[in-house]
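These are my notebook entries on a structure that I examined part by part. Each entry records what I looked up and what I found.

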Amino acid sequence: MTRTIRLEHVLKDNTKDLAFGLDAWRTDWSDLVADRAFFGIDMDDDVWRFPDALFRRKTTDALRRIDFCRVLPEAWLRNDTRSETLLRRVKRMVRVLAVSGLSSTRKTSAKGTSSVSRAMGALTLVTTAQDLLSAVKALVEEGLIDFTRSDDCPDGGPIFSHLDEADFKIAWEAGGKHFRAAFNRLCDVRDRGLLDDWVSFARPMEVRPTRSGANATEVYDDAYFTDIIQAALEWSAIGADIGSIVQNISGIDSDGMVASALADARRKVLSEYRGQTFSARTIFAYQTLFADGPLENLVDTSRPVDALVRVFNTVQVSNALLLTVATGMRPAELDDLPRDCLAEGPVGPILKGAAFKTADEPHGDPRDWPLPSRAVEMLRRQIALADIVDPDGLYLWVDPPMGHGQDKDIPVSVRMRDTYRCLCGPDGVPFAVRGAVTVYRTRTSIARLLALSVQGGPHILYTVYGHRNIEETMGYYRARGDFEQELSETIDAVSTALGEDLISQFDDGELPARTARLVQTTLDTLSEAPSLRNGPDATGYDRLADAARILGTGVELVRPGVLCTARGTGRGACADASGLREPANCTDGCRYRFETAIALQDRKIRAEAHLAELAKLDRSDVFRYRFARDGLLAALGSFEGVLGPYRTDARVREVFSLFDEDEIYVLCENHRITFDLAMEASS
C-alpha cells in the first residue's frame, strides 16, 4: 500500500533545491527558471501541480495545484508587465514558504508556544498559497500595492511591508484561514532574512483561525454526544446485514436487462431480505433524511437502491466514528487505514496504522492503538463489509457500491460530517441543528471527558493523541471556555459522592480495617460521630455532607474498589523516574493505597480462581504452580471482610502446608503475613 510522503522530507533530501528555496526571494529569475529541482516545476508556469505522492489518496485535483493567475484582477491582461511582475513576486513568496521551517527553531503556530517548527505539508502549502493569492488580489483591487518602491526582490515593489494595520486588515479578511494561520510563519521567514516583504506589527487578534465548519473543534454537549454515540452503535450493528443485502443485489445477473427490470429485481431482493437482526422493513431508530423526508426503512421509498447506498454510507461512517471515539485518531490516520489493520498484540487486539503529524519518516511512523472489545467487534464488521464491496481493495474504507460515481473518492472523515448532517434523533430533530459531527469535535470531546474522569488525564491524552507538547493537549481541554469551572464542579461532585459512599460502607462495617481507620480519622476531625447523623443545623450546615466532601477530596479513585491518597510530591510505588504517578501500576504494598468493599469482592473472585487452578495443577509444574500460589497469597491479603472465612478454609490450609522452609524464607513481607495468619488459625 502506498503512503503519502511529506514535502519536507523531499526538500531535505535535495540540498540544491533547499538552497535555491531559501534564497528564492533574491535569486535572479532566469536562474530560478533554469532550476527544475522543485518537483520539476517550471517557475514560468502559471499553474503548479505537485506530485500525487505528496497527498492523501482522495485529495481532489483542485487541492494538488496552485493557479497563480487567480491573483490577477479581471481588468489586467496576462501579458502586461505589471501582471508578470506580480506573478513572479508571489511565486517567489510561495517558493520560500515551501522550505520555511526546515531550519527554523521558532514555533510558527498561532499559540506562540516554544518548540521546533516544521515545514508545511503539501496540502497546507497549496491551501495557504491559494489564500495568499486571495489576500494579494484584494490589495491589488484596492490599489494598495506600491510598484514604485524597491526591496531585496528583483521583481516589482512590496505587497505587504509598507501597509499599516488598517490596510493590512483588508488582506487579513480576504485571505482566509490558511493565510491567517501562516502569519507567524511569515514573520519567522522575515526575521530570518529569507524575505523582506512582510508586515512588522503583531498579528491581528480580532479574527482567530479556525478549522472548517462553524463549530469544528467545539466540544459536544453531553446529551448530544450521547445521542451521536448511540446512533453510531445502532447503525454499526446492522453492518453485517447491510453487507449481505449489497452482496445479494450485486449478484443479480443484469445482462440483457433494461433499467426498469433491473430496478424491479433489486427491489424484490430488498423486500425479501430477512436477516438475524435486520430486515428491509426494519424501522431505523435514528433516521436519515432522504428524498422528501426521513428514511424509515429500505422498502417504503421510491428509490430503494439509492436508499441502500445512503444506509451503507451511514453504517461505514458510524464505524469510523466509533473508531475515533476508541482511539482519538486524526482524519489522515483514519482515512488511510489499511484493510489488514486489525492484529493481535501482546495483551490483546490492536489497530495497526501510521501517524503522520509528528513523523520523521516520509511514510509516517508505524503506530499501534489498543482497542476495547466493542471496537474490535465493529472493526471486524467493517472489514467484512469492505471485503464484500471491494474484495481486492487495500484500504479499510471503501466507496459506495452499485456504481454511485458521484459519491466516490470522498475520505471517510468528510463523509462523517456530510452523512451525520442528514441524521435525525428519535425526537425527529436533525443532528445538523445541534452542530456538525466531525473527527476533530469527537477528539476534543473525548479529551474533555478524559480530563474530567481519569487521574493523569492530560498525560494519558498527550501520549494517545501523539501531541508534540503538553500545551497542545491542554488546548484540547480548553476548547470550551468554561472548562476550568466545569472541571472544578465535576471534581467537587465526584469527591462528595465518593466520600458519601465510603461513609456508607463504614457505617455498614464493610470496609477493610485500614480504610475504616482513614474514614474514622476524617469523621473525628469534625465532631463526635453521633452528631454527624443529625442532619443540617440551624444555619443549614451539614457536618456529614462536609465530612463526605473532605473525605472524597483527600482520595482519588484509581479503579473500582481502589483508592489513592498520594498528593503533591507524594511518590507511591506506581511513580516513574520523573515522579509521575501511573495508576495502572498500583500495587498492594503501596502506603498510599486503600481498598473498599468492592476490592474485597474482587479479591474473593481471584482467590477462588487460583484455588481452582491449584487443584488441577501438579507441583512438578513448578512455574505455573508457584504463579497460582503467589496469586492466592496476594488475593487473600490479611483475610479482611468477605475474605475472613478463607483463613480456616481447608483448601487454603492444604496449599500452605506444602510450603518448604526455603520457600517460606523468600516470601515477601505481605505474603509472609498472609501465610502466618493462615497457619496460626489452623494450629
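**Entry 1: Asp 197**

I looked up the surroundings of Asp 197, counting a contact where heavy atoms lie within 4.5 Å. Leaving aside neighbours within four places in sequence, I found Asp 197 in contact with Trp 25, Arg 89, Met 93, Asp 151, Pro 158, Ile 159, Phe 160 and Ser 161. Asp 197 sits in the loop between α8 (183-191) and α9 (222-237). Helices (H or I, at least four residues) and strands (E, at least two) are DSSP runs, numbered from the N terminus.

The model is predicted: local features need pLDDT of at least 70, side-chain atom pairs count only at pLDDT 80 or more, and totals for chains, interfaces and linings use all residues. Residues are numbered from 1 along each chain as its sequence is written, and side-chain values use heavy atoms, with hydrogens and water left out.

Is Asp 197 buried or exposed? Asp 197 counts as buried because its relative accessibility is 0%; buried means under 20% relative accessible area, exposed over 50%, and partly exposed in between (1.4 Å probe, protein chains only).

I then noted the polar contacts, each a pair of N or O atoms within 3.5 Å; within protein, one must be able to donate a hydrogen and the other to accept it, and residues adjacent in sequence count only if both atoms are side-chain atoms. The side chains of Asp 197 and Arg 89 are joined by a polar contact of 3.1 Å. The side chain of Asp 197 also reaches the backbone nitrogen of Ser 161, at 2.9 Å.

**Entry 2: helix α10**

I turned to α10, which covers residues 239-250. Its twelve residues reach 16 Å from the first C-alpha to the last, close to the 16 Å expected at 1.5 Å a residue. The expected span is 1.5 Å times one less than the number of residues.

Which residues of α10 are buried? I listed Gly 239, Asp 241, Ile 242, Gly 243, Ile 245, Val 246 and Ile 249. An α-helix has 3.6 residues a turn, so residues three or four places apart point the same way. The buried residues of α10 pack against α9, α11 (259-272), α12 (304-327) and α14 (373-389).

The axes of α10 and α12 come within 10 Å and cross at roughly 145°. Here, axes are lines fitted to C-alpha atoms, for helices over the stretch in contact, and angles run from 0 to 180 degrees between N-to-C directions. On the α10 side, the contact is made by Gly 239, Ile 242, Ile 245, Val 246 and Ile 249, and on the α12 side by Leu 308, Val 311, Phe 312 and Val 315.

**Entry 3: Val 269**

I found Val 269 in helix α11. Val 269 is partly exposed because its relative accessible area is 22%. Beyond neighbours within four places in sequence, Val 269 is in contact with Asn 248, Ile 249 and Ile 252. Val 269 and Asn 248 are 21 residues apart in sequence, and their C-alpha atoms are 7.1 Å apart in space.

**Entry 4: Thr 521**

Thr 521 has its place in helix α20 (residues 513-526). With a relative accessible area of 49%, Thr 521 is partly exposed. A polar atom of its side chain lies 2.8 Å from the backbone oxygen of Arg 517.

**Entry 5: the whole chain**

Lastly, I recorded 27 helices and ten strands for the chain. Of its 683 residues, 48% count as buried.
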